[in-house]
Amino acid sequence: MVEAVFSESACGSLKYAQFFGRGEYGGGLLGIILEPSDGEPSEEEIARLQRRAEEEHRRKWERARPMGGRAQDVYGFSLGLSLGDISEKIPGPIRRQVLCAYCGFSPSVPGIGEQLDRWIDGGAETLRAVLERSAAGEPVRLWYSDQPDELCGFYWLLARLDGLEQCGAVSAVKLPRWDQRDNSVVTYTAWGDVPPGEWSRFLPLEQPISPILRRACANRWRELQEENAPLRTVLNGTLAGVPEDFYDSFIRRTLARMEREFNESRLIGEVIGRCQLGIGDGLIHRRIQAMVDAGELEALTQAAEGDPVYRRMLRKR
């Protein structure tokens, strides 16, 4: 079965989920993020935290049910289709230009151009592979959510499948907003948020996509292409085109809680964490830069060469 996801993080997590929990736990390399403190942690403290992280990882492994499948059956699209011009049927120069505008780095930073080329060229190659396998009769399963990029990817790929003379069965798993377990509630924004050991729990939510539904989604995507709004988002469960300043009220609401001088990266983190809009740092920076250009904010510093462009100090006017 072909598995299609719509971000690099979801692609990596799903591939890991295919074997996560299979066999005896053999340990693994774990990273630990330490909170800022008054002093450096002792070696004993670091060792204790490593043991605790290892034990938690072991427990997750032991209670996980592997997804099964093969890594080569997982196809990821990182095309940011909620952003900018979507007139192209196949990812190309227009999509590259959009991703460049929203990537959060200066195009002159070494490696950024190569990464953009990988996203675009890889997206076109991945699309060809998925369509070829579907045309040959293989089933395709799409993993999507109400996160704007994932929902746009869902509609976009169904439109491409609908363009085939014939295709294999199509099904989809939509990520629920809330997941209740172990006397707690977990909130997910997109499939990239889901740990590898949890993917199999959502398999019962799989639903077939009928040819009629596939055609309806394809028609809706063509309507969005014709509209070609600056952004697309989810309003009352519906994918809709919106103006580029659609999220400005959320940014300003968060901005009102900041001190007069602040680091832009902190503001972006607050918007992402508090508002849960499913949008990325590049889009938020672009709107903050519009506020700087309008004189609403003043840039006190600039990001160091090679850093994200939003690593700078700003001041409210």
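Biologist: Does tyrosine 16 count as buried, partly exposed or exposed?

Modeller: This is a predicted model, in which local features need pLDDT of at least 70 and side-chain atom pairs count only at pLDDT 80 or more, while totals for chains, interfaces and linings use all residues. Residues are numbered from 1 along each chain as its sequence is written, and side-chain values use heavy atoms, with hydrogens and water left out. Buried means under 20% relative accessible area, exposed over 50% and partly exposed in between, with a 1.4 Å probe and protein chains only. Tyrosine 16 has a relative accessibility of 31%, so the class is partly exposed.

Biologist: Which geometry does the aromatic pair of tyrosine 16 and phenylalanine 20 have?

Modeller: Rings of Phe, Tyr and Trp (its six-membered ring) pair if their centres lie within 6.5 Å, and planes under 30 degrees apart count as stacked, over 60 as edge-to-face and the rest as tilted. For tyrosine 16 and phenylalanine 20 the centres are 5.2 Å apart and the planes stand at 90°, a pair that is edge-to-face.

Biologist: What is the class of the ring pair of phenylalanine 246 and tyrosine 247?

Modeller: Phenylalanine 246 is partly exposed at a relative accessible area of 27%, whereas tyrosine 247 is buried at 3%. Their ring centres lie 5.1 Å apart with the planes at 85°, so the pair is edge-to-face.

Biologist: How is helix α7 oriented relative to helix α8?

Modeller: Helices (H or I, at least four residues) are DSSP runs, numbered from the N terminus, and axes are lines fitted to C-alpha atoms over the stretch in contact, with angles from 0 to 180 degrees between N-to-C directions. Helix α7 (residues 248-255) and helix α8 (residues 264-275) pack at about 110°, with their axes 10 Å apart. Angles under 35 degrees count as roughly parallel, over 145 as roughly antiparallel, 65 to 115 as roughly perpendicular and the rest as oblique. That makes the arrangement of α7 and α8 roughly perpendicular.

Biologist: And how is α4 oriented relative to α5?

Modeller: The axes of helix α4 (residues 112-135) and helix α5 (residues 148-162) come within 10 Å and cross at roughly 50°. That makes the orientation of α4 to α5 oblique.

Biologist: Which residues form the one aromatic cluster that includes Trp143?

Modeller: A search of the whole structure finds 12 aromatic pairs. The cluster with Trp143 is formed together with Tyr188, Trp191, Trp199 and Phe202.

Notes
Helix = DSSP H or I, 4+ residues; strand = E, 2+ residues; numbered from the N terminus.
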